[in-house]
Every structure is written in structure tokens, then in C-alpha cells.
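The structure is shown first, and the description follows.

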Amino acid sequence: MKRASPESLARIVPFLGELRRRPGLTEKKPGIFYCRGKAFQHLHEDAAGLFADLRFVEGWRRFPANSAKDWKARLAAVDGVNGAALR
């Protein structure tokens with residue numbers, strides 16, 4: 001699975017905008033976010049679509065990132081993990 005292309009990222013601009021507004025997250029490269037200096041979330045693509053890898057305490061987990069429903073779930077997960085990371 002390769003990192004998401006600029007064309008793929010262009011399709012999810014609203015989702016990326018929401019991530020960019022999250023306190024504590026820094027976008028080092030398009031679609032690659034850090035929290036407290038550590039890689040936190042990045043996006044991949046393959047024939048099945050886009051996937052967000054999100055760092056949890058126990059390691060990375062991959063989630064679909066293709067629809068508004070996926071984005072809503074990812075943002076909730078980001079908020080939960082990010083909030084814990086900032087405490």
C-alpha cells in the first residue's frame with residue numbers, strides 16, 4: 001500500500017481541513033500528521049480506496065477513509081487518541 005497521492009488527498013479536503021483544525025496536531029507533509037513530535041496519522045491508498053493509519057498506545061491501526069461516515073468515525077478516534085496524548 002502506498003502513501004496517498006496528491007490527487008487522492010484532494011478528494012478528502014474537508015476531512016483534512018478538520019484534522020488541520022485539531023489542537024495539538026501538526027501536518028508535516030500533506031496528509032501526514034504528528035502529535036507531540038511523534039507520527040500520529042497518515043493516509044495510504046490502494047485499489048480498495050483510502051485508509052488512515054492512526055497511532056494508538058498499542059500501535060498503529062488502519063481504518064477506511066473513503067466516505068463521510070468513515071471520516072466522522074476517524075475524527076472521533078483522532079479526538080480520543082489525541083486527547084489522551086495531550087494529557
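A polar contact is a pair of N or O atoms within 3.5 Å; within protein, one must be able to donate a hydrogen and the other to accept it, and residues adjacent in sequence count only if both atoms are side-chain atoms. The model is predicted, so local features need pLDDT of at least 70 and side-chain atom pairs count only at pLDDT 80 or more, while totals for chains, interfaces and linings use all residues. Residues are numbered from 1 along each chain as its sequence is written, and side-chain values use heavy atoms, with hydrogens and water left out.

**Histidine in a strand**

By the polar-contact criterion, the side chains of H42 and H44 are joined at 3.2 Å. H42 lies in strand β4 (residues 38–46); strands (E, at least two residues) and helices (H or I, at least four) are DSSP runs, numbered from the N terminus. H42 is buried, at 8% relative accessibility. Here buried means under 20% relative accessible area, exposed over 50%, and partly exposed in between (1.4 Å probe, protein chains only). Leaving aside residues up to four places away in sequence, H42 is in contact with R3, G31, I32, F51, A52, D53 and W60, where contact means heavy atoms within 4.5 Å.

**Salt bridges**

A salt bridge is a side-chain nitrogen of Lys or Arg within 4 Å of a carboxyl oxygen of Asp or Glu. The whole structure contains five of them. The table lists some of these pairs.

| Pair | N to O distance |
|---|---|
| E18 and R21 | 2.9 Å |
| R22 and E18 | 3.0 Å |
| R22 and D79 | 2.6 Å |

The pair of R22 and D79, bridged at 2.6 Å, links distant parts of the chain: R22 sits in the loop between α2 (13–20) and β2 (25–29), D79 in helix α3 (residues 68–85), and they are 57 residues apart. Salt bridges link E18, R21, R22 and D79 in a network.

E18 is partly exposed at 29%, and D79 is partly exposed at 37%. R21 is exposed, at 57%.
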